[in-house]
Amino acid sequence: MDRLTLKPGERVKLRDWDPSDAGGYKDSGEAKAELIDVQKRMAELQEVFYASSKKALLVILQAMDAGGKDGTIRRVMAGVNPAGCTVTSFKVPTADELAHGFLWRVHKAIPARGQIGIFNRSHYEDVLVVRVLKLVPKEVWKARFDQINAFEKILSENGVVILKFFLHISKDEQAERFRERLADPTKIWKFNPGDLDMRERWDEFMNAYEDVLEKCTTEHAPWTVVPADRKWHRNLVVAKKIVKTLESLNLEYPDPPPGLEKVVVR
Ligand code: ADP
């Protein structure tokens, strides 16, 4: 699993990363059983994380359409206390958002200490879709890699632990998921014909993702490339990474205020 998290300076050729990799798991049953244990551990750790309120955790999810961002949030965060968790989805910017710098809406959504904040899309859209659709000139999006690294460094120096996940699906798997959506009355609402235009630009998106993964993997905010064709494997990779990160913080419940030993509740 550790090999899925990139090192600063590592080159990435996404065609060498197999989206259907199952990480050695033989079947979904084994992985799903493990996920239940990992979810329980996450819930315990979140309690201490919330109580100690020393750090914030920011989890960024990026993927192509139908890549599984929503499903990951639903499954991975299933056991955590909603009071300690926020989810922010970044859509096409509003006029007000566009009138500000691209990080303005993002900064406002950064979780407070004690909170886990999940980003469904993020400021990375400003170097992905914005680049591919040529919504701003090249010199503008190019400058953003350094701006993003500087921004994330400031966040990490101010108590925000950052995890970034690229849910990597194959083009075939995306086609399969689109077909499923179209055939299922409970899923068809998710289908947006505009997604097919993005699909036509698959290779351009992969190039843009490779740049993001290479240029914006830092010590304090690494990317993890998640093989995501198999949903059960994707969920387990993300959940385990979050648990490992929370464990590495050596969290402790705060000391009780002095004098409590004399308190008697009648
Ligand atoms: P999702 O696909 O995440 O479930 P939507 O169907 O509402 O949600 O899609 C959100 C859309 O907003 C995506 O097409 C995404 O590329 C776009 N978007 C997000 N951020 C930006 C941005 N900064 N500039 C342009 N488009 C953006």
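Which elements each supply at least two residues of the lining of the largest cavity? I looked this up before anything else.

**Basis.** I am working from a predicted model, where local features need pLDDT of at least 70, side-chain atom pairs count only at pLDDT 80 or more, and totals for chains, interfaces and linings use all residues. I number residues from 1 along each chain as its sequence is written, and side-chain values use heavy atoms, with hydrogens and water left out.

**Cavity.** The elements I asked about are strand S1 (56-63), helix H2 (69-76) and H10. Helices (H or I, at least four residues) and strands (E, at least two) are DSSP runs, numbered from the N terminus. I found that H2 gives the most to this lining, with three residues. The structure holds one cavity of 30 Å³ or more, and about 40 Å³ of space lies in the largest cavity. On a 1 Å grid over the protein atoms alone, a cavity is a set of points where a 1.4 Å probe fits but cannot get out, while a pocket is an open set with protein on both sides within 12 Å along at least five of seven lines; lining residues have an atom within 4 Å of a point. I noted the cavity lining as eight nonpolar, one polar and no charged residues. Thr-72, Val-76 and Ile-242 are among them.

**Second largest pocket.** I read about 200 Å³ of space here. The lining has 14 residues, and those nearest the centre are Thr-5, Thr-218, Glu-219, Pro-222 and Lys-241. Strand S4 (160-168) and helix H10 (231-248) are the elements that give two or more residues to this lining. By class I have six nonpolar, five polar and three charged residues.

**Ligand.** Of the 14 residues around the ligand, I listed Lys-69, Lys-91, Val-92, Arg-121 and Glu-125 as coming nearest. The shell has six nonpolar, one polar and seven charged residues. I found a ligand oxygen 3.0 Å from an N or O atom in the side chain of Lys-69. A ligand nitrogen is 3.1 Å from an N or O atom in the side chain of Arg-105, and a polar side-chain atom of Asp-126 lies 3.1 Å from a ligand nitrogen. The protein covers 77% of the 570 Å² of accessible area that the ligand has on its own.

**Thr-217.** I placed Thr-217 in the loop between helix H9 (202-215) and strand S5 (223-227). Thr-217 has a relative accessible area of 4% and is buried (under 20% relative accessible area, 1.4 Å probe, protein chains only). A polar atom of its side chain lies 2.7 Å from the backbone oxygen of Leu-213.

Methods. Near = heavy atom within 4 Å. Polar contact = N/O pair within 3.5 Å; in protein donor to acceptor, adjacent residues only side chain to side chain. Areas by Shrake-Rupley, 256 points an atom, 1.4 Å probe, with all protein chains shown as cover. Nonpolar A, V, L, I, M, F, W, Y, C, P; charged D, E, K, R; others polar. Points joined across faces, edges and corners; volume = space filled by probe spheres on them. Buried < 20%, exposed > 50% of the residue type's maximum accessible area, 1.4 Å probe, protein only.
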